[in-house]
Amino acid sequence: MGSQFAVSTALAGADFATFPDYPAEIRAPVGTTFGVSAYQINLGGGPITTAGDAPEVLVAFNPAALKVSLPMLDKGALLIVNTDTFTDRNLAKAGYDSDPLGDGTLNDYQVVAADISHLNLESVKEFGLSKSEGGRCKNFYALGMLLWMFDRELQPVEEWIRRRLAGQPTMRDANIKALHAGHAFGETAELSANLSQVKLPSADMAPGDYRGITGAEAMALGIAAAGELSDRAVLFCSYPITPASPLLHRLTHLAELGVGTFQAEDEIAAICAAIGASYGGMIGVTSSSGPGLALKAEAMGLAVSAELPLLIINWQRGGPSTGLPTKTEQSDLYQAVYGRNGDTPIPVLSASTSGECFEMAIEATRIALRHMTPVILLADGYLSNAAEPWRIPELSAFAAIATNPVPDSDDSPQRRAFTRDPASLGRAWVSPGMPGLMHRIGGLEKDIDSGHISYDPANHQRMTDLRAAKIDAVAAFIGDQKIEHGPDSGDLVVVGWGSTYGPIYQATRRTGVSHIHLRHLNPLPGNLGELLSRFDKVLVPEMNAGQLTALLRANLCVEPIPFSKVTGQPFLIRELVDKIEAVRREAS
Amino acid sequence: MNDKLTARDFATSQEVRWCPGCGDYAILKAVQKALADAGADPANTAFVSGIGCASRFPYYVETYGFHTIHGRAPAIATGLKLANPGLDVWVVTGDGDSLSIGGNHLMHALRRNVGLKMLLFNNEIYGLTKGQYSPTSRVGTTSPSSPKGSVDTPISPGQFAMGCGTHFFARGVDTDKVGMSDVLQQAHAFTGTAFIEIFQNCIVYNEDVFAGFTERKTAANTQLHVKHGEPMLFGENKGKGMRFNQDTWSLEVIDATEAPDEVLIHDEGNAIVARLLIDLNMPVAMGVIYRQPAISFEDTFYAHHPSRMQRTRRVRDFIKGPSSWKVTKD
């Protein structure tokens, strides 16, 4: 850097200010005695609630740059690190005793590590530049990555390069090539920038020990904790998919907690192996995103029919089809609640914040084991990667997870395996290897009492009713819905679910309206209808075309006001505040 | 288990519901007998199946049993084997279940070498869905979905398995008690995926499709039963043998009495010869055609797991992460 083509000065040009959708605020480079130069961009500017001077993204081209700039960042910030330069020599020069990429120094940040120097040189090879000339293009390679991650147009930057380097056609074309190559790399590698954009004000932070945590980390710990609380090993079976893969990666580090990970050949094999593990007495867990969940649907029905426990985590992303893999959305609610053949109800839960993935994983497993059913836990791409401050919970506050005992009786093993607890309707968890309890299970309809195959018409009615009643039993178990804050009756309540928690919380606080945030979507909490009836209006903001709205309408006979946003971006507080005020104006 | 169990002890109370005369009956009897002969513990044995006629099998074996969904039995069995590697896990499947809808899972179970005994009932037809052609049906098979004859080139289960890197491939005929007993015992003793193709006669939709080599009267001349370390002999009085033709790189039938030294000795670890045996039309090779022992997937999985799936630390050891801080009341 520091060349005639220093990006710092380049970006400081007035040209950028004219980009209609481009960074508003550009600051002077931060110089250091180490010769580190940097440029800062405040992407998006003021409206986003992350006020403060700390940059949210750092592109570190070498260890020295990282060393100098890291203290300026908040925890959870995004680091794009050029790994090519992290050699022993450069690390020593920067004063690092060990490689910060591997020693845990960066655990509180989102790190995107890429061989930028190398990738950049490859991308401009065709221009026959000298190594140093080619190397200068890496700024634009990195900028291309950033533009992908933050959904910005390439065109204005490309035009700027054309004007700026009009007299140097080779360098002009090489830089444009690098810009596009970086952008393509971001797309191909499915890089995303799920920065925590809404933070709780510090005044809301209860006393205690805190750490930074992403949804994937919290989910991994929650899954391991569920294993500990039930004294079972966990087999996590999944197939890589954006944005679900970070959970698979995290769990590989928790092996000593009795957690195994199995990378299956496809999404179907992943859920099937998890079902096999549950059948074998471990807690079977699978995780995916919307397209993968679709592939798992038939196997979910098998787990329902066989009455086996299973935890299915869905990190939602934009759809339909491949859709927007790196962008967040809440559009799999219908799929989770309804998306199977037959009358096949499955409990559906959702996590509201990154940290809450921990307790929801425990809650979901508790329901799965108590009621002997698969459970779907909805999260999304935003939660997967977003780091937030998390109050470390007291593990002793979580009750042990009980399983249903095998009934001690003279009945046949087949009948004993399908003897259900009268309250939870969950059956005993009998696994191969247990002496004297050999029995057969499967996806064919079975007799409600004996557990043998049955095509009897009246029995199928009873079994269908039983599967529905099991969901009612879950409703009785989960307890009442609470109001997050605000009056318990009034003109307006905002009802949300999932990762919209942060912006809804802030917007309702600012406007003084009540906020209800659902963790249980199927069944809905038993008191929810009564709770909502105390308000004149119910506003439902969600990152889909109105799925919770329809669910509430169908189940509770309320008529909510939908507020959809499907841009792949989280809600802004301002958008919600405006909507709340508009709804109130209409009412008055 | 003081009393030795008999084949009858491995039968359930459920009425067997295959078509009268179906080859599955003979296979069921052979498996029940093999379990008894091997001294299998019913409580430590599980049968996992997919969908199809063959997949009804678990209901009729007095062990643990799981009748799952179409094509996915190998994946479910893999999860089960990882959860409890000490179990004796059998997968029962058909040509449609394992080579059409479930081809992917079969492929990966084989290449991983999961400790499963896989019985592929090959009848070259879809039975349960009423007689459509299957991925192993010969070209020209007329069926409700191919009234003018099927046009697809069939897949060879044996060549598929070899291509997937199987470590064990054997063959048997449903009604051949002796041959079936032998391959089932060998499969039972194998560590890793033991894959057996069983020629099974569907008397309703594809009757006698294998009659050309399964007829008892002519079987001596039409089947080559291979045994490791023994010459490849067949025919009346073992008068014929197989020779490796070095010009054509193929197996050919010779008069074994004239040139006994030229008869090939079966080496079950030789993948090239195994592939030639699999492709033989006449005679058709039976028995353990290929066996190359290797560590099983579950053994590797546990060996590489830092705590062998045990809980040796607590969540509290991990929950604080790399750094934490305290928030106190002002």
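Domain bounds come from an automatic or database domain assignment. The model is predicted: local features need pLDDT of at least 70, side-chain atom pairs count only at pLDDT 80 or more, and totals for chains, interfaces and linings use all residues. Residues are numbered from 1 along each chain as its sequence is written, while chains are lettered from A and ligands numbered from 1 in the order in which they are written.

**View 1. Domains of chain A, with the contact of domains 2 and 4.** Chain A splits into domain 1 (7-188), domain 2 (202-397), domain 3 (413-478) and domain 4 (490-587). The C-alpha centres of domain 2 and domain 4 of chain A are 24 Å apart. Domain 2 of chain A brings 22 residues to the contact and domain 4 of chain A brings 20 residues. Two residues are in contact if their C-beta atoms, placed from the backbone, lie within 7 Å. On the side of domain 2 of chain A that touches domain 4, the elements giving two or more residues are α14 (333-338), β11 (348-350), β12 (374-380) and α16 (381-385) of chain A. Helices (H or I, at least four residues) and strands (E, at least two) are DSSP runs, numbered from the N terminus. The residues on this side of domain 2 of chain A comprise 12 nonpolar, seven polar and three charged. Here Ala, Val, Leu, Ile, Met, Phe, Trp, Tyr, Cys and Pro count as nonpolar, Asp, Glu, Lys and Arg as charged, and the others, Gly among them, as polar.

**View 2. The contact between chains A and B.** Chain A contributes 58 residues and chain B contributes 52 residues. Elements of chain A that give two or more residues to the side touching chain B include β6 (208-214), α10 (215-230) and α13 (290-306). The most comes from α12(A), with nine residues. The side of chain A that touches chain B has 35 nonpolar, 14 polar and nine charged residues. A:Tyr210 has B:Trp325 in β12(B) as its bridge partner.

**View 3. Helix α12 of chain A.** The helix covers residues 267-279, 13 residues in total. At 1.5 Å a residue it should span 18 Å, and its end C-alpha atoms are 18 Å apart, which agrees. The expected span is 1.5 Å times one less than the number of residues. Of the 13 residues of α12(A), 13 are buried, so the helix is largely enclosed by the rest of the structure. A residue is buried if 20 or more other C-beta atoms lie within 10 Å of its own, exposed if 12 or fewer, and partly exposed in between, with C-beta atoms placed from the backbone. A:Gly281 follows α12(A) and has a positive phi, near 100 degrees.

**View 4. Strand β5 of chain B and its partners.** Six of the six residues of β5(B) (residues 168-173) are buried, so this strand is largely enclosed by the rest of the structure. B:Phe168, B:Ala170 and B:Gly172 point one way, and B:Phe169, B:Arg171 and B:Val173 the other way. β5(B) pairs with β11(B) in the antiparallel sense over four bridges. Pairing requires that DSSP finds at least two bridges between two strands. B:Arg171 is opposite B:Gly287 in β11(B). With β6(B) (residues 194-199), β5(B) pairs in the parallel sense over five bridges. B:Phe169 is opposite B:Phe195 in β6(B). From β5(B) the chain passes through helix α6 (residues 177-189) of chain B to β6(B), a right-handed β-α-β crossover. Right-handed means that, with the strands pointing away from the viewer, the path from the first strand over the helix to the second runs clockwise.

**View 5. An open sheet in chain B.** Three strands in the order β8-β9-β10 form this antiparallel sheet. β8 (233-234) and β10 (250-255) of chain B stand at the edges, each with a single partner strand, so one side of each lacks a neighbour in the sheet. Two bridges join β8(B) to β9(B) (residues 240-245) in the antiparallel sense. The bridge partner of B:Leu233 in β9(B) is B:Gly241.

View 6. Most residues other than glycine have a negative phi, and most peptide bonds are trans. The bond from A:Asn522 to A:Pro523 is cis, with omega near -5 degrees. The bond from B:Met282 to B:Pro283 is also cis, with omega near 0 degrees. B:Pro283 sits in the loop between α9 (271-279) and β11 (284-291) of chain B. A:Leu425, not a glycine, has a positive phi near 65 degrees. A:Leu425 counts as buried, with 21 C-beta neighbours inside 10 Å. B:Met309 has a positive phi of about 65 degrees and counts as partly exposed, with 19 C-beta neighbours inside 10 Å.
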